[in-house]
Amino acid sequence: MCSGRRGIQDRPILPDWLLEQRLNRNSPPVQVHCGDCWNKGKRTRGISMDEARRALIEGVKACGACRPDSRLGLLD
């Protein structure tokens with residue numbers, strides 16, 4: 001097996017949804033992103049679809065670049 005393939009196979013699976021945290025982990029989150037967002041911050045963690053919906057409903061800002069609120073069907 002080619003070593004390049006092994007690197008691709010061992011790559012972690014990207015989450016579908018991300019929650020961007022502030023520098024202080026005890027602070028409220030900054031934004032919700034789609035997992036493939038080019039504008040995600042460095043301090044993100046993967047979350048479930050239900051967690052992403054709940055965060056947006058509770059007032060966490062939706063990223064303006066990837067629009068998770070639209071993908072989750074939360075816009076009128």
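Which strands and which helix do the buried residues of helix 2 pack against? I opened my notebook with that one, keeping in mind that this is a predicted model.

**Entry 1: helix 2 and its neighbours**

I looked up the partners and found strand 1, strand 2, strand 3, strand 4 and helix 3 (68–71). The buried residues of helix 2 turned out to be Ala-52, Ala-55 and Leu-56. They lie on the same side of helix 2, because the arc they cover around the axis is only 95°.

**Entry 2: the chain as a whole**

Next I stepped back. I counted 3 helices and 4 strands in the chain, and along the sequence they read α-β-β-β-α-β-α. Of the 76 residues, 29% are buried. I also checked the contacts with a separation of 6 or more: 50% of them join residues 24 or more positions apart. The accessible surface came out at about 5700 Å², with 48% belonging to carbon and sulfur atoms.

I traced the 4 strands into an open sheet with the order 3-1-2-4 and mixed pairing. At the edges I found strand 3 (44–47) and strand 4 (61–62), each pairing on one side only. I then followed strand 1 (residues 17–20) against strand 3: the pairing is antiparallel, over 4 bridges. Along the way I noted Leu-18 standing opposite Gly-46 in strand 3.

**Entry 3: the nonpolar core**

Which members of the largest nonpolar core touch the most other members? I got Trp-17, Leu-19, Val-32 and Ala-52, out of 14 residues. Strand 1, strand 2 (31–34) and helix 2 (49–57) each supply at least two residues of this core, and helix 2 gives the largest share, with 3 residues. I zoomed in on Ala-52 and, leaving aside residues up to four places away in sequence, found it touching Trp-17, Val-32, Ile-47 and Leu-72.

**Entry 4: two glutamines**

Is Gln-21 buried or exposed? I found Gln-21 in the loop between strand 1 and strand 2. Gln-21 counts as buried because its relative accessibility is 9%, under the 20% cut-off. Beyond residues up to four places away in sequence, Gln-21 touches Ser-27, Pro-29, Val-30, Arg-43 and Arg-45.

I went on to Gln-31, which sits in strand 2. Gln-31 is buried as well, with a relative accessible area of 13%. Its contacts, with residues up to four places away in sequence not counted, include Leu-18, Leu-19, Glu-20, Val-60 and Lys-61.

**Entry 5: salt bridges**

How many salt bridges does a search of the whole structure find? I got 2. Arg-71 forms a salt bridge with Asp-36, and I read 3.4 Å between the closest N and O atoms. This pair links distant parts of the chain, with Arg-71 in helix 3 and Asp-36 in the loop between strand 2 and strand 3, 35 residues apart. I noted Asp-36 as exposed, since its relative accessible area is 53%.

I then looked at Arg-67 and Asp-69, whose side chains meet in a salt bridge at 2.7 Å, N to O. Arg-67 is partly exposed, with a relative accessible area of 34%, whereas Asp-69 counts as buried at 10% relative accessibility.

Terms used
Residues numbered from 1 in each chain as written. Predicted model: local features only at pLDDT ≥ 70, side-chain atom pairs only at ≥ 80, totals over all residues. Heavy atoms only, no water. Pairing = 2+ DSSP bridges. Core = buried A, V, L, I, M, F, W, Y, C linked by side-chain atoms within 4.5 Å. Buried < 20%, exposed > 50% of the residue type's maximum accessible area, 1.4 Å probe, protein only. Contact = heavy atoms within 4.5 Å. Arc of directions from axis to C-beta. Areas by Shrake-Rupley, 256 points an atom, 1.4 Å probe, with all protein chains shown as cover. Salt bridge = Lys/Arg side-chain N within 4 Å of Asp/Glu carboxyl O.
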